[in-house]
Every structure is written in structure tokens, then in C-alpha cells.
Amino acid sequence: MAKKVLIVDDERNIVTALEFLLQKNGYDVRVAATGEEALAQLDAFRPDLVLLDVMMPKVSGYEVCQRVRSRPDWQGMKIVMLSAKGREVEVSKGMSLGADLYVTKPFSNTELVATIGRLLSGAA
Amino acid sequence: MLQGPVIVLTSFAYLGLLFAIAYYADRRADAGRSVIASPYIYSLSLAVYATAWTFYGSVGRAAVNGVGFLPIYIGPTLVIALWWIVMRKILRISKQNRITSLADFIASRYGKSALLGGVVTVIAVIGILPYISLQLKAISNSFTIVLQYPEIIMPAKLGAVPLLQDTALWVALILAAFTIVFGTRHLDAAEHHEGMVAAIAFESLVKLFAFLAVGIWVSFVLYNGFGDIFTRATGDPQLKPLLAPLEGVAGSYSSWVWLTILSMLAIMFLPRQFQVTVIENKDEKHLNKAIWLFPLYMLAINVFVLPIAFGGRLHFPGGNVDADTFVLTLPMVEKQEVLALIVFIGGLSAATGMVIVETIALSTMVCNDLIMPALLRIRALGLTMRPDLSGLLLGIRRGAIVLILLLGYMYFRLAGEAYALVSIGLISFAAVAQFAPCVLGGIFWKGGTRRGALAGLLAGFAVWSYTLLLPALARSGWLPLGLLEHGPFGIELLKPLALFGVAGLDQTTHAMIWSMIANIGAYVGVSLMAAPGADEHRQASLFVDVFSQPDEAGGARFWRGTASAPDLHDVLARFVGTASADEIFREYARQRGVRWPQEPLDADAALVHYVEMHLAGAIGASSARVMIASVVKEEALTLDEVREVLDEASQVVVYSRQVEEKSRELEAASAELRAANERLKELDRLKDDFISTVTHELRTPLTSIRAFSEILRDDPKLALAEREKFVGIICKETERLTRLINQVLDLAKLESGTAEWHDTRVDMRELVSEVVTAMSQVFHDKAVRVELRAPDGVPAVYADADRLKQVLLNLLSNAVKFCEAGRGRVEVSVSGEAGRVRIDVRDNGPGISAADQAVIFEKFRQVGDTLTEKPQGTGLGLHICRQIVERHGGTLWVESRVGEGACFSFTLPVAPSQRAAAAARVA
């Protein structure tokens with residue numbers, strides 16, 4: 001069964017690119033444009049990995065990450081944070097909140113796919 | 001009725017009444033309800049100026065000299081007008097420095113010099129003795145005359161009497177006793193004698209009443225009014241010349257002038273006048289009434305002088321009767337016993353008033369300025385260690401009173417018979433006039449020094465002694481008369497009555513001219529020769545600048561030393577008693593907010609000064625100085641230090657103002673710096689934020705571009721539709737990137753002020769329709785209707801047309817962007833209002849919440865309905881628009897409610913020439 005990935009980003013074009021890329025690599029992909037939307041989908045979809053943009057209006061990526069980590073039944077969920085903000089403070093903040101990885105935009109498709117694959121196979 | 005026992009009894013009854021009044025006034029004063037705190041009582045007490053000299057002597061002088069008696073009263077009347085300047089200042093100085101007498105005043109002014117105080121005292125006592133003898137003579141003569149009733153016999157005709165049978169001696173002793181009772185019953189810390197002042201005021205009424213009574217009787221009973229008397233006098237060849245006073249009879253004009261000046265000075269510097277005017281003054285404001293009341297009194301008591309004088313001359317044509325006694329002898333010869341008795345009492349009252357006040361004033365001077373400073377300096381006596389000196393003080397004063405009156409009596413015996421009353425009085429006037437230069441100079445000229453004052457006084461006094469006292473003694477036979485006629489050792493130039501060959505003046509004028517030349521010359525000359533000492537400098541400034549002194553403690557700032565509060569209390573208690581000292585200390589503590597004696601007092605300069613002031617009130621400034629010095633380790637300030645303090649005092653005010661100003665400036669500057677620093681920090685933070693934001697905004701499109709580029713590169717077999725879609729996205733994101741970069745650069749230019757502006761006259765109607773036309777495709781694509789309302793007559797603006805287009809494009813793009821496709825409607829209107837052109841861009845989109853309205857004009861703030869589609873913008877557009885509008889002197893704002901669309905509006909000022917034209921049209 002294909003691993004499930006939830007893409008959360010308010011940039012429509014980025015979501016399109018990621019969706020295309022991950023589907024092509026055999027993942028079961030769902031998308032969410034906001035933090036609220038993401039949280040709403042989590043229970044039903046139960047993704048193995050969440051690709052999470054940090055800078056979103058209202059509910060930010062940090063907040064989504066925190067919520068996920070506060071749920072014991074979601075412990076296996078991997079979280080990869082995506083952000084155009086690449087300063088060290090922001091990276092360490094993301095990691096301290098429980099993200100598995102912090103990827104700075106723009107990213108290399110190949111590397112991103114490889115990283116996701118590594119994360120998911122390690123968990124399996 | 002006029003038998004001896006009756007007269008003696010009446011006299012004592014009168015003195016008893018005086019004493020009762022004084023006693024009552026003292027009791028009232030002790031109870032805090034002063035009876036003399038009234039300008040009327042004050043003015044009446046000043047009338048102590050009118051003595052037996054006035055009462056008997058004026059008539060005597062008028063009978064010989066016509067109106068020649070008048071200068072003595074014109075002087076005070078004239079000078080009192082100046083009192084507002086002179087006497088008010090002396091009053092203020094005396095109150096602030098607790099001056100106890102004229103000698104104290106002068107000593108205090110010139111550095112609290114005990115020597116100067118002593119000299120002034122000696123001059124005053126010697127100078128006043130003739131004057132006191134005059135009173136004794138008047139009383140004893142009137143008594144002797146009255147006793148001869150109904151005969152009229154002059155005392156001189158009775159021949160010499162043995163000492164113990166001499167009425168004058170007994171009068172002197174009785175007056176001494178009476179004065180002691182009046183003036184030294186107790187020791188007042190401020191030398192106030194309320195009882196005495198009340199009695200004096202009463203006496204002024206009595207003598208005025210008596211004189212008016214005899215005047216009215218002579219004028220209207222004995223004769224038929226003034227007209228009758230003067231007509232008869234004109235008819236008398238002997239009296240006629242008296243009615244033309246300035247034709248050689250009353251002396252020359254110069255003697256009138258000098259007598260007037262002399263009496264001007266006497267009214268201020270006679271010890272008794274100083275006592276009642278200054279020392280006994282309760283309120284500076286009393287001067288205001290005295291300035292007209294006192295001259296009025298003078299006028300009243302002089303009105304009948306000439307009628308009585310002429311009446312007497314007409315009545316006693318033979319010259320057997322001394323004109324000085326006319327006031328008394330006229331009623332007697334007409335058998336008016338009651339009137340004669342009233343006159344006798346009036347004369348007694350005039351004389352006793354003078355004697356009492358004069359001897360009290362003199363005894364205070366003798367005690368405070370002559371004897372005490374000397375005694376205190378004699379260490380062997382150990383007086384500074386004695387626990388209670390108030391008994392000693394009273395003893396000295398009482399002794400001084402007796403001594404002064406006995407000396408007055410001696411002068412009477414030595415010289416009294418040779419002169420008329422007025423001439424004797426003038427000798428005293430001339431003596432006290434010697435105080436004028438150093439007092440008046442002292443309060444108006446800081447340059448006057450102790451040595452100058454001493455030199456002036458001694459020189460003036462020497463000339464006075466030589467030209468007035470010496471001739472008086474010579475004429476009485478105590479010195480060879482040849483001295484007067486040929487000069488000492490036959491040197492004509494030194495003749496006492498024609499010094500350096502100046503002859504032809506009357507004796508007083510001659511003496512005044514020479515003594516004043518010597519006095520003023522020495523005072524000014526010596527003062528200018530040497531700079532004043534530190535103490536003098538300080539006192540000079542306290543006196544001359546009295547009206548700019550803040551309070552009594554003014555002198556304290558010049559003091560430096562160490563003291564203890566209990567010591568200061570002890571020394572004060574020794575002179576004023578423990579109870580008074582306690583009261584004085586409590587008052588001081590109360591001012592300081594200290595609960596003395598529970599809490600200790602700080603023996604600082606202020607306390608030392610305070611105690612010295614109060615001590616000075618009891619024993620005079622020079623003695624107080626000595627006493628204070630005995631308990632205080634004082635470090636003398638050098639002259640330079642004092643001068644520095646004085647110079648600084650005036651400069652400090654200037655400096656402190658400057659310092660205040662500077663510190664205000666500094667504060668303001670540092671506040672500015674702080675604010676600037678905050679601004680810089682804020683700017684720094686903003687710059688960081690800006691860079692971070694810009695970076696983020698750049699990376700977002702870059703992310704899409706890279707991601708799709710890699711997809712296209714890595715997957716050559718991609719379906720065409722997808723390939724086209726992805727390339728389309730790449731193109732859009734690249735455009736976005738370009739736009740962003742352009743706007744960031746644009747903003748940077750706007751914010752740094754380096755943007756170029758090409759202002760021209762712009763017709764907003766044209767411009768708006770041009771932009772709307774240019775965007776018609778955009779509206780068409782989204783099926784949004786656009787309406788333009790631009791009426792004719794909207795004035796032109798002066799602006800950069802391209803920039804305004806940029807603003808409009810931005811606003812219109814936003815409007816379209818937020819409008820619902822198909823149902824959207826955008827309204828653009830141009831209008832003119834109050835010198836401005838207004839453009840509104842209204843849409844029917846979702847509207848903007850109040851919170852969002854507050855931030856949309858900030859950098860990188862985007863508000864969009866993210867649920868549907870994220871608006872494609874940089875977040876810089878509105879910010880740039882606002883910058884552009886504001887640069888043109890306009891404003892840009894938004895009005896909106898959620899669900900009701902938004903309206904962005906901006907105004908621009910009308911072009912200048914246009915505005916003038918518009919104004920012209922209105923006119």
C-alpha cells in the first residue's frame with residue numbers, strides 16, 4: 001500500500017508541483033491550503049508524512065506541527081517542514097517543535113523525494 | 001490758687017496720670033493688644049519733636065525775630081515728604097537687624113564697630129546735653145515764675161540759688177526717677193517701650209491743647225482777633241520790622257536755608273526722634289499717615305506763635321519780661337489762674353516728654369554701645385561667663401539716665417543762663433546733624449567705610465565743639481572771652497565764630513557750614529582712600545540692599561564657623577531671661593519644623609545669626625557681636641571671600657539661570673538622542689524584517705520556478721498539456737518575481753528620496769479615463785463592470801503623471817482582484833472639493849475588516865480570501881501608492897465594511913495657478 005503524504009501550503013503553484021512530483025513517485029497524496037484544512041484532514045487521512053509549509057496565515061505550520069505531536073495516536077507521523085525562511089533560528093524552532101526535517105525553499109526535487117523516501121522507509 | 005503746694009501737687013498728679021497711661025499701655029502690650037499700633041498714636045508720638053523749646057521758645061524767638069522761628073518747623077514738614085524713601089529704608093534696615101538705637105544703627109552699618117558706636121554715643125550725649133538743660137531750664141523757670149504769682153519776676157532777677165535749693169536740680173532728679181520707672185521697668189528684647197510711647201502721645205495732646213488754649217485766649221479774649229494784634233503791631237515802631245522777616249531781622253536767606261536743613265536732619269537724627277520714629281515703630285505703613293499728620297500737628301502748634309509773641313511785646317513794652325515766658329506770663333498778669341496752670345502743665349508735658357524719650361534713647365546707647373562692649377571686652381570681669389546679665393544691664397541704664405540728667409543740669413548751671421531757649425536747642429541740633437553723612441551715606445552708598453564714618457564724625461564734632469560749644473562756655477564765663485574776639489593765641493583766622501575769616505553769618509549757619517564741610521569731606525575722602533573690610537562690606541550690602549534682602553537670615557550666608565545650640569541658648573538666656581530665650585528658640589524651631597527641645601537644633605549659620613539678631617535687640621549689635629563671638633568659634637572670612645560671595649550672589653543668579661537653561665537643553669538633547677537611538681534600532685529591526693520578508697517573498701516564486709523546471713528537465717515524456725501548464729506557471733512566477741524586484745527597488749527609491757519626479761499639469765479626468773481604458777481588457781476578462789464618473793470642470797493638479805497612473809492601476813487591479821467574477825462592479829469617480837481633487841475607486845467585493853484596514857498600507861501586508869485563491873501580489877502596492885500620494889501633498893485612505901465592498905480614495909491639491917483661477921471665479 002502506498003504511503004500517504006499530506007501537502008500543506010498556501011502557495012497554489014508550489015502545491016501543484018509537489019503533488020505532481022510525489023504522485024509520480026508513487027505516494028498517495030492529499031493537499032491542504034491552510035493549517036485548519038490540514039488539521040481537519042489528519043484524522044480521516046492519517047498520512048504517514050506531512051509536508052508542512054511554515055508561513056501560512058492564521059494557523060501556521062509550527063502550530064500544526066505542535067498539534068500533531070501532542071496527539072499520542074499520531075506518533076508515527078513524519079513531519080517535514082518547508083519554509084522560505086532559512087535562518088538558523090527558524091530551523092531550530094521547527095526541529096524543537098518535533099519536525100523530522102526542515103527543508104528550505106527553493107528545494108531540489110530529487111533531494112526532497114530522496115529524503116521523503118528515506119524517512120518513510122526508516123519508519124516502516 | 002497758684003500756691004506752691006497746689007502747683008507741686010498738680011505736677012505730681014500729672015506725672016502720675018502719665019505713669020498710669022504708660023502702665024495701662026504696657027499691660028495691654030503684654031496681653032498682646034497693643035494700644036500704640038495705630039498711625040495716629042505713631043504720628044502723635046513723633047510730636048515729641050515739639051518740646052519746651054517750641055512751647056516757650058518759639059514765642060521768645062518770634063518776639064525778637066518775627067517769623068525767624070519758622071525754619072525749625074518748615075524743615076521737618078519738607079523732609080517728611082522724603083521719608084517714604086529715606087525713613088522707610090531706615091525702618092526696614094532697623095527691623096531686619098534689630099537695631100536698638102541710632103548709635104547701634106551706625107555701628108552696625110560699619111561692620112558692627114564698637115568703637116564707632118561709642119563715638120556716636122559720646123557725640124550724642126555731649127550734643128544733647130544743652131537740649132536737656134534747655135528743658136530743665138524751662139521747667140524750673142516756669143515753676144519759679146508761677147510761684148511768684150501774682151508778681152511777674154524773672155528767675156534771673158532772683159539771683160543765684162544754692163545748689164540744693166535749685167529747682168532745676170530737683171526737677172532733674174525727679175525726671176530721672178520718673179524716666180527710670182518709665183523706661184527701665186523691664187528689659188525688652190526689642191527695646192520697645194509701649195507705655196512710654198502711649199504717654200508721649202498723650203503729652204502731645206496735652207501740650208497742643210494748652211498752647212491752643214493760651215493762643216485762643218490771647219488772640220480772641222485779650223485782643224480782638226489776629227487782625228487787631230497785627231494792626232497794633234504794625235503801629236508799634238519796635239514791632240514793625242518783625243513783620244518783614246527777611247529784611248535783615250531774622251538773618252539772611254542763607255541762615256533760613258541752613259536752619260531749615262538743620263531741622264530736616266534733626267527730625268531724623270535726634271536720638272529721641274530716632275527712638276519714636278524707628279525703634280518704637282510698630283508698622284512701616286504708619287509712615288503713610290504720619291507723613292501728613294505730623295506736619296498738620298506742626299502747623300497747629302505754630303499758628304498762635306506770632307499772635308502770642310506780639311501780644312506779649314505789646315503787653316510788656318518795657319522788655320522786663322523774658323519773651324520766652326510770654327505764654328505763661330500773659331495769663332498770669334491777667335489773673336487767669338486756671339489758664340496759667342494749664343500752660344504750666346502744657347510746658348511741663350512738652351519738657352518731660354522730651355526728657356523721658358531722649359534720656360531713654362541715650363541711656364540705651366550708653367549701655368549698649370559704650371559701656372557693655374567695653375565691659376564685655378574686659379576678660380578679667382568674666383562677664384561673658386555670667387549666667388544672668390539682665391540685672392546688670394538695667395543697672396547700667398538706670399545709672400546712665402541719672403548721669404545724663406545730672407550732666408544736663410550741670411550744663412544748665414554752666415551755660416544755661418547766657419542763651420535763649422532756641423539758641424541752646426540749635427547747638428544740639430547742629431550736633432546731631434553730624435550723624436547725617438554717615439547714616440544717609442551708609443544706607444545709599446556701599447563705599448562708605450568705618451574709618452570714613454569715624455573720620456567724618458570726629459571732624460564734624462570737633463568743628464561743632466569749636467564753633468558752638470566753646471563759644472557757649474566762653475560766653476558763660478568759663479573760658480576767656482578773648483578767645484572769641486581774637487581767636488586762640490590771637491590767630492584771627494581761627495576765631496571760633498568766624499573760622500578762616502568767614503564772618504557775617506549767624507553762629508549756627510557758620511558752624512553748620514564748616515562742620516558739614518569737615519564731616520562730609522572726611523567721610524567721603526577717607527572712605528575712598530581704603531577699601532572696606534570684610535565685615536563692613538557685608539553690612540554695607542545688608543543696609544544698602546535692604547529691600548532686596550529676602551528676610552532676616554540674609555546675613556547668615558556670610559558666616560562660617562562652629563557653634564553649639566545649647567551654648568547659644570545660654571548666652572541668649574543670660575540677657576533676656578530663660579523664658580524669653582526658650583520662646584525665641586521655640587519660634588525658630590517651629591519655622592524649621594523641628595520639635596525643640598525634644599529634638600536638637602542644628603547650630604548652623606542661620607541659628608547663630610538668629611540668636612545674634614535677638615541678642616542685638618537686647619544689647620545692641622556690637623555687644624551682641626562680642627557675646628556671640630564668645631560662644632562661637634568663628635572663622636573670619638577674608639575680604640576676598642566676602643567679595644567673592646557678594647559678586648557671586650549676583651552672578652549666581654545669572655549662572656544658575658544659564659545652568660538651568662543648559663541642563664534643560666542637555667535633557668532635551670539626550671531625550672532626542674534616546675529617541676534617535678530608538679528610531680535607529682527600530683529602523684535596524686525594520687530593515688532586518690524587510691530583508692527577511694523580501695527574501696521570503698523572493699523565494700516563494702523561485703520555489704515554484706525551480707520545482708517545475710526540474711520536473712520538466714527530469715521528465716522528458718511529460719504530456720503536452722501538463723508541459724504547457726507547467727511552463728505557464730513558470731512564466732507567471734517569473735513575472736511575479738520581476739514585479740516584486742521592481743517594486744522593492746521602487747520602494748527603496750521612494751523611501752530614500754532618490755526617486756525622480758516629472759511634475760506637470762495633469763488633467764485627472766484624462767488620466768483616469770486613460771487608465772480605465774488601458775485596463776478594459778482585465779475588466780472584460782473577469783466580467784467586471786467598470787463605471788467612470790468624471791464631471792467637467794475638475795481642476796488640474798500638478799503632479800507626476802506616470803506615478804499617478806501607477807497608483808490608479810494599483811487601486812483598479814486590487815478592485816478587480818477582489819471582485820467576484822461576473823457580478824463585480826467597479827466605480828471610479830473624479831471630483832473637485834475645496835482646493836483638492838478627489839478620486840474614489842469603489843468595488844463591490846468582500847470588503848475589508850477594520851483590523852485589516854489598519855494594516856493594509858504597511859509593507860508586505862496582504863489581505864485575501866485564502867480559502868479560495870491567494871491574491872497574487874507583492875504586498876507592497878498600497879504602501880507605494882500611499883507614498884506617492886503623500887509626496888504630492890495628498891492623502892490616501894480606505895473606507896469599507898465587511899460584505900459591503902471597499903472604497904479607496906485619495907485627494908491631491910489643485911495646481912497653484914488653478915487655485916488662483918478658481919478663487920477668481922468664486923469672487
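Author: Happy to! The helices α6(B) and α19(B) are oblique to each other, a word kept for angles that are neither under 35 degrees (roughly parallel), nor over 145 (roughly antiparallel), nor 65 to 115 (roughly perpendicular). Before going on, note that this is a predicted model, in which local features need pLDDT of at least 70 and side-chain atom pairs count only at pLDDT 80 or more, while totals for chains, interfaces and linings use all residues. Residues are numbered from 1 along each chain as its sequence is written, and chains are lettered from A and ligands numbered from 1 in the order in which they are written.

Now the details. Helix α6 covers residues 102-109 of chain B and helix α19 covers residues 436-444 of chain B; they pack at about 50 degrees, with axes 10 Å apart. Axes are lines fitted to C-alpha atoms, for helices over the stretch in contact, and angles run from 0 to 180 degrees between N-to-C directions. Helices (H or I, at least four residues) and strands (E, at least two) are DSSP runs, numbered from the N terminus. The crossing of α6(B) and α19(B) is left-handed: the near helix is turned anticlockwise from the far one by less than a right angle.

Who touches whom? From α6(B) come B:Phe105, B:Ile106 and B:Arg109, and they meet B:Cys438, B:Val439 and B:Gly442 of α19(B). Contact means that C-beta atoms, placed from the backbone, lie within 7 Å. By class, the contact of α6(B) with α19(B) has 4 nonpolar, 1 polar and 1 charged residues. Here Ala, Val, Leu, Ile, Met, Phe, Trp, Tyr, Cys and Pro count as nonpolar, Asp, Glu, Lys and Arg as charged, and the others, Gly among them, as polar.

Chain B also has an open sheet of 5 strands, ordered β4-β6-β7-β9-β8, with mixed pairing. Strands pair if DSSP finds at least two bridges between them. At the edges stand β4 (785-789) and β8 (891-896) of chain B, each with a single partner strand, so one side of each is left without a neighbour in the sheet. Between β8(B) and β9 (residues 902-909) of chain B the pairing is antiparallel, over 6 bridges, and B:Val894 stands opposite B:Phe904 in β9(B). Helix α34 (residues 877-887) of chain B packs on the sheet and touches β8 and β9 of chain B, its direction making about 130 degrees with that of β8(B).

Terms used
Two residues are in contact if their C-beta atoms, placed from the backbone, lie within 7 Å.
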